Each structure stands twice: as C-alpha cells, then as structure tokens.
Amino acid sequence: MKFFQDKFAVVFETIFDSVSESVIVVDAQQTIVAVNQATRELFGYKEHELEGGDLNILIPKKYHHSHKSHVSSFVKKDDKRRMGIGRDLYGVHKDGHKLPVEAGLNPFSIEGNRYVMAIVTDITERKNYTENLEKLVQERTHRLTEALAKEKDLNELKTKFLSLVSHEFKTPLSGILTSATLAGKYTQTDQQAKREKHLTTIQNKVKYLNNIINDFLSIERLETGKVTYKFTVFPLSKVINEVVYDANMLLKNGQKINYPDQIDGLEIEFDEKILELVLTNLVHNAIKYSPEDTQIDILVDSEPKELKIVVKDQGMGIPLKEQKFIFDRYFRAENALLDQGTGIGLNIVKGHLENLEGSITFSSVEGKGSSFEVILPIAVTLT
C-alpha cells in the first residue's frame, strides 16, 4: 500500500489487514487511500481495486451529494463521530446490492495532510433481527388487538342476548300465566269456548318459546360444527305446502300468500328439515313485517344445476344504512324494534345454507318491501 511508506509499513499493514472490522481511509478529497482485507471481503472487491477510487463507489448513488458535503465538513473538524446511529446507513456492494452498516469516523493528520479513517460494521444480522422482532411485535399487537375486539364483540353479544332473553321470554310467559289463570276461572260447561281460547293462547306461546330455544340450539350446533344433514329425495310442493299451511294461521287481515306456479311434480334431493326451516323463517318474516291487505309471493325457478326460491313481500322494508347488518346475529332493524323477534333467524338460515354450499341474498326498499332469494346448488327432477 502506498499509504504505508515508512519503515514500519510492513507492521502497520499487517495490523491493518488483521482487524476484523472494515477499515477505510480517505483523504480530504474523499479519495480512498487505504482499505483492509475485511473491507474488500465486505464490499466484494479484489486487492488494489478500491485504492485511488472515489469514496462514492461504496455509497448508494442517491446519497452521493449529501454524503460528500457531510464528509467535507467533517474532515475540517477534529472530533470523532458515529454514523448510522438512529437512522439507516447503507454501503453498496460491488454487485450493486445495499448493505446496512454503521460507521465510526476518526479524523487525523499526517505531515499536514488531513485524513479520515472509517471503521465500518456490517449490521445486516442485527437489522434483520430488529426487523423480525418489530414484525413479531406488530403481529402480536395485531393479534392482541383482534382478541380484545372479539372480546368486546362477545361482551356486546352477551348483553344483547340477556336483553333478548329477558324480553322475548318475559312477554310470552306473562301471557301464559294470564291465560292459565283465566282458563282456571271458567269452570262451567257453557264456558268451554272461553277455556279453549285461553288454552290455544297458551299453546301458541309455548310453541313460540320452543322455537326460540330451538334457534339457540341451532346456533350452538352451527358454531361447534355439530350439525348433521340428512339428504333425501322429496317433492318440493310437500315442504312449501307445509310452510304455507302453518303460515296461514299467522296472516293478518287481508294478507295473502301467493303459491308458486308449476311446482307439482318437481322433486329435489336436499335436507328437507333445513329447507323447511329456511322457508318458514322467510315467510314468517314477510308476514310479520308486512301490513294488512298485502300479498306475499313465493316464486320458484329451476335451472339445470340449481333451484332458486324467492320470497317477496310488500312490507316495511329494511333501512338502507342497516342492510349490511341484516344477517348479523341479534340484529334488529330500527323500524322493526317493536315487533317480536330474536334477530337470529336469518343468521341461522345463512349459516345452514353456506354449510350446504347454497346462498341467500336480498333486495329491499324501505316502505316498499323486501325480496329474499335462496339458491340451492341441486338438480331438479320431474316425476
């Protein structure tokens, strides 16, 4: 090395090359005057390739201007400085890839000439460790945030559930108690009609409570994956007839259910109980949320590989801003809060249909009505 020219040159050069850290010496013009073997290994150069070159060869291009002015200013001073602490500092390998580094700068003079010795440390492993640690912290923070959000949602669901149970059970239980008390007062033979009226009330309210309990059990089975489905071949008209027959007893004055055309002879292979549950929920909702003197249409369209069933009403409709929540558990639209309901029926319907690779969608206009469309991925046969 030309930099080592006195009688101790061999000793200095030996020590210089034995240092495990990269050592680079530049003059006031930022020309590289000496590098050790560790520098050549770090940046990928052979012996004598760097000496005499500009320091910028080891610095990414976008930092050339700012780095040159910084070093020029530093050469004029006489203090040591660490570079790369608290900010990203990079060197550039001969093949072009960047290396994260830290550098300690030490100015000195020889025979009136100013030099700077830079001790460069490759911090790739440390940076990777730090980045991986930061990523791990971010991931764990994200998981913790999600867990807290889920816990918050769960607490809200519990609150809604308790409110629902207290309301939906209390009202029918009060009705049962009242009807049972009144029925007990009608002891004469000619009062049989009055007794039967109250007994019918009791039966209907017990059936309502039983349906709520079944809905809660359905939720539990859906969440735990304990639902079992039984596929059989049956006439589509059989299920629709049963649903319409039961629904007729709930109709308000002037309400009418329009039976689908041309379904006699159509047979499908599906879970009969689930299809009945789906249609019962949709038809009962149509009745409950529609006023008197309105019509409810059940439409059926059979394609080669799917069956489409639509239940359409002329009811209150769903407010646009709340439509995205319609399948959420315990959700009740603001215009339906005074009507009886648990807000879990559509959630259950959607869960079963998705398990069976079916789907349910809807369109609704507040004040004009709603239309729910169920699609089952099944073939329809004619008998």
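Analyst: Two strands pair if DSSP finds at least two bridges between them; strands (E, at least two residues) and helices (H or I, at least four) are DSSP runs, numbered from the N terminus. This is a predicted model, in which local features need pLDDT of at least 70 and side-chain atom pairs count only at pLDDT 80 or more, while totals for chains, interfaces and linings use all residues. Residues are numbered from 1 along each chain as its sequence is written, and side-chain values use heavy atoms, with hydrogens and water left out.

Strand β1 (residues 22–27) and strand β2 (residues 32–35) run antiparallel and are joined by three bridges. Q30 is not a glycine. Because its relative accessibility is 1%, Q30 counts as buried (under 20% relative accessible area; exposed is over 50%, partly exposed in between, with a 1.4 Å probe and protein chains only). E111, also not a glycine, has a positive phi of about 55°. The loop that holds E111 runs between β5 (98–110) and β6 (113–122). E111 counts as exposed, because its relative accessibility is 77%.

Strands β7, β9 and β14 form an open sheet of three, in the order β7-β9-β14 and with antiparallel pairing. β7 (231–235) and β14 (380–382) are the edge strands, each pairing on one side only. From one strand to the next the twist averages 30°; such angles run from 0 to 180 degrees between N-to-C directions, and axes are lines fitted to C-alpha atoms, for helices over the stretch in contact. β7 and strand β9 (residues 266–271) are held together by five bridges. T232 has F270 in β9 as its bridge partner.

Two helices lie across these strands. Helix α6 (residues 236–248) lies across β7 and β9 and runs at about 80° to β7. α7 lies across β7 and β9 too, at about 100° to β9.

How do these two helices pack? The angle between α6 and α7 is about 35°, and their axes are 9 Å apart. α6 passes α7 in a right-handed crossing, where the near helix is turned clockwise from the far one by less than a right angle (left-handed if anticlockwise). Contact (heavy atoms within 4.5 Å) is made by residues including L236, V239 and V243 of α6, and by L275, T280 and V283, among others, of α7. The residues of this contact are nine nonpolar, two polar and four charged; Ala, Val, Leu, Ile, Met, Phe, Trp, Tyr, Cys and Pro count as nonpolar, Asp, Glu, Lys and Arg as charged, and the others, Gly among them, as polar.

V243 lies in α6, and V243 is buried because its relative accessible area is 3%. Neighbours within four places in sequence aside, V243 touches E276, L279, T280 and V283. V243 and T280 are 37 residues apart in sequence, yet 5.6 Å apart in space, C-alpha to C-alpha.

α7 also has helix α8 as a partner. α7 (residues 272–288) and α8 (residues 345–355) pack at about 150°, with axes 10 Å apart. This crossing is left-handed. Among the residues in contact are L277, N281 and N285 of α7, and L346, V349 and H352 of α8. By class they are eight nonpolar, four polar and no charged.

The last view is of the cores, where a nonpolar core is a set of buried Ala, Val, Leu, Ile, Met, Phe, Trp, Tyr and Cys residues joined through side-chain atoms within 4.5 Å. The largest has 39 residues, and F270 and L275 have the most contacts inside it. Elements that each supply at least two of its residues include α6, β9, α7 and α8, and the largest share, eight residues, comes from α7. L275 has contacts beyond four places in sequence with F234, L236, V239, I268, F270, I309 and L376. A second, separate core of 19 residues includes V35, Y45, L89 and V120.
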